[in-house]
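Thanks, everyone. I will go through one chain today, from the overall picture down to a single residue.

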Amino acid sequence: MKITIIGAGPGDPGLITVKGLKLLQEAEVVLYADSLVSDELIDQANPEAEIIKTAGMHLEEMVQLMVERVYEGKDVVRVHTGDPAVYGAIMEQIALLNKKDVQVEIIPGVSSVFASAAALGAELTIPELTQTVILTRAEGRTPVPEAEKLRDLAKHHCTVALFLSATLTKKIVKEFLAAGWSKDTPVGVVYKATWPDQKIVRSTLENLDEDMRINGIRKQAMILAGWALDKNIQDKDFKSKLYDKEFTHGYRKGVKE
Ligand code: SAH
């Protein structure tokens with residue numbers, strides 16, 4: 001017996017995968033967290049399907065429901081925002097489902113980190129500037145392991161993507177400055193990426209906290225920090241070695257002039 005966890009993408013119903021949409025349309029039971037997944041997407045489920053909103057449910061309650069339906073022989077899917085692998089809290093569901101002999105297949109989705117990069121027109125890995133993206137969150141009520149404090153992560157001076165951190169910008173700025181980032185480091189914030197009320201705010205480390213306040217952004221925001229977010233990056237000379245004529249790689253011999 002099996003259920004499928006489907007990544008819904010960041011909001012725009014057009015951003016689910018073809019495979020995810022097909023499974024959603026075929027499902028007999030659809031569970032989803034109503035605040036984070038677009039109703040427009042869920043409307044594409046079979047009109048006969050049982051649709052269950054899970055925002056107000058406990059984990060055990062939700063798992064119990066899924067198990068009951070699967071045991072009845074129904075085709076059950078659970079739709080998760082973005083990609084289920086990051087901050088999706090799927091492992092606790094999988095553990096309980098496996099205990100009941102229910103297997104889980106996961107269909108990936110477009111994470112909000114990539115939808116936000118797209119909205120900003122950004123490449124997060126600019127050759128010779130940074131080749132690393134750290135996906136993390138600022139520490140609020142949810143603790144973060146000691147070895148992953150923002151100030152230590154920021155010492156890599158790479159691109160940093162902050163989930164679940166919209167109300168923690170004061171702390172973020174303090175930690176990044178302590179790690180040696182300059183006040184003018186670009187920060188791109190995308191509120192509700194790909195939703196009709198998406199908002200893009202381009203800021204700097206120095207102005208981030210105030211810009212968040214001015215724009216009234218307190219949730220559902222992706223914060224992308226680092227020089228890759230510089231809106232004038234294309235005028236600078238960070239060009240990929242892949243396109244460099246002198247560079248030989250597996251597919252193409254380098255050309256010397
Ligand atoms: N699995 C999801 C993340 C869920 S955690 C994903 O891959 O995107 C929820 C956090 O994700 C939010 O606090 C916010 O930081 C980010 N997020 C989710 N949807 C978003 C969107 N449409 N625009 C901007 N940020 C979003």
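This is a predicted model: local features need pLDDT of at least 70, side-chain atom pairs count only at pLDDT 80 or more; totals for chains, interfaces and linings use all residues.

Some overall numbers. The C-alpha atoms fill a box of roughly 65 × 50 × 35 Å along the principal axes. Of the 257 residues, 44% count as buried. Taking the contacts with a separation of 6 or more, 67% are between residues 24 or more positions apart. As for charge, there are 32 positive and 37 negative ones, and their mean positions are 5 Å apart.

In soluble globular proteins, nonpolar side chains tend to be buried together. Here the largest nonpolar core has 23 residues, and Phe-176, Trp-181, Val-189 and Ile-223 have the most contacts inside it. At least two residues each come from helices H6 (150–154), H7 (169–178) and H8 (208–214), and from strands E7 (159–163), E8 (186–191) and E10 (221–225). Another core, of 16 residues, lies apart from that one; Val-29, Ile-52, Met-62 and Val-102 are among its members.

Back to Phe-176. Leaving out residues up to four places away in sequence, Phe-176 touches Leu-150, Ala-154, Val-160, Leu-162, Trp-181, Leu-205 and Ala-225.

Now strand E8, which holds Val-187. Is Val-187 buried or exposed? Its relative accessibility is 3%, and the cut-off for buried is under 20%, so Val-187 counts as buried. Ser-203 is 16 residues from Val-187 in sequence, yet their C-alpha atoms are 5.1 Å apart.

Last, helix H4, residues 91–99. Which residues of H4 are buried? They are Gln-93, Ile-94 and Leu-97. These three cover an arc of only 95° around the axis, which means that they sit on the same side of H4. Met-91 and Lys-99, on the other side, are exposed. The buried residues of H4 pack against helix H3 (59–71) and against strands E1 (2–7), E4 (76–80) and E5 (103–107). After H4 comes Asp-101, with a positive phi near 65°.

That is what I have; questions are welcome.

Key:
Residues are numbered from 1 along each chain as its sequence is written. Side-chain values use heavy atoms; hydrogens and water are left out. A nonpolar core is a set of buried Ala, Val, Leu, Ile, Met, Phe, Trp, Tyr and Cys residues joined through side-chain atoms within 4.5 Å. Buried means under 20% relative accessible area, exposed over 50%, partly exposed in between (1.4 Å probe, protein chains only). Helices (H or I, at least four residues) and strands (E, at least two) are DSSP runs, numbered from the N terminus. Contact means heavy atoms within 4.5 Å. Lys and Arg count as positive and Asp and Glu as negative; His and the chain ends are not counted. The place of a charge is taken as NZ of Lys, CZ of Arg, CG of Asp or CD of Glu. The arc is that of the directions from the helix axis to the C-beta atoms.
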